[in-house]
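Dear colleague,

Please find below the structure that I am handing over to you.

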Amino acid sequence: MRLCYSNLACPEWTFENSVEAVRTYGLDGLEIRLFDGDVVTPALSASSRRRAEHALRHTAMKVAALDTSLVVTSPDRDRFLAGIEVMAEIAEQWGAPLLRLFGGRLPPGPEPKRDNALRRAADL
């Protein structure tokens with residue numbers, strides 16, 4: 001079993017501090033949710049992406065997952081899918097084997113809306 005931590009637990013740390021903590025505390029890897037205290041989103045700058053990549057590669061860090069803020073049941077399907085594409089690129093750059101998505105709330109109201117949301121989630 002591998003023991004990792006999410007840097008969401010340390011929002012005041014730089015990304016490099018989050019990476020170094022894995023070695024300092026004898027952990028096996030890192031679940032990435034934050035970059036310098038901010039949630040990682042598709043809008044993360046190219047320079048920040050490169051900085052993170054350097055920190056991860058320099059230490060041969062194992063990344064457990066890249067957490068996203070993407071919500072599967074989002075009504076804006078095109079934006080959701082575009083976000084997945086960008087986050088998958090970041091995950092590949094950083095060596096993250098998994099993307100963490102959030103299910104979100106099923107829409108209230110008639111069953112067809114709920115059925116549609118569930119079908120869209122299953123399509124992933």
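The notes below cover the strands and then the aromatic rings.

This is a predicted model, in which local features need pLDDT of at least 70 and side-chain atom pairs count only at pLDDT 80 or more, while totals for chains, interfaces and linings use all residues. Residues are numbered from 1 along each chain as its sequence is written, and side-chain values use heavy atoms, with hydrogens and water left out.

Helices (H or I, at least four residues) and strands (E, at least two) are DSSP runs numbered from the N terminus. Two strands pair if DSSP finds at least two bridges between them. Strand 1 (residues 4-6) runs parallel to strand 2 (residues 29-32), and 3 bridges join them; Cys-4 stands opposite Gly-29. Strand 2 is also joined by 3 bridges to strand 5 (residues 63-71), again in parallel, with Glu-31 opposite Ala-65.

The search of the whole structure found 2 aromatic pairs (rings of Phe, Tyr and Trp, the last by its six-membered ring, with centres within 6.5 Å; planes under 30 degrees apart are stacked, over 60 edge-to-face and the rest tilted). Phe-15 and Trp-94 form a tilted pair, with 5.8 Å between centres and 40° between planes. This pair links helix 1 (residues 15-24), which holds Phe-15, to helix 3 (residues 77-94), which holds Trp-94, across 79 residues. Ring pairs join Phe-15, Phe-35 and Trp-94 into a cluster.

Buried means under 20% relative accessible area, exposed over 50% and partly exposed in between (1.4 Å probe, protein chains only). Phe-15 is buried at 0%, and Trp-94 is buried at 4%.

Yours sincerely
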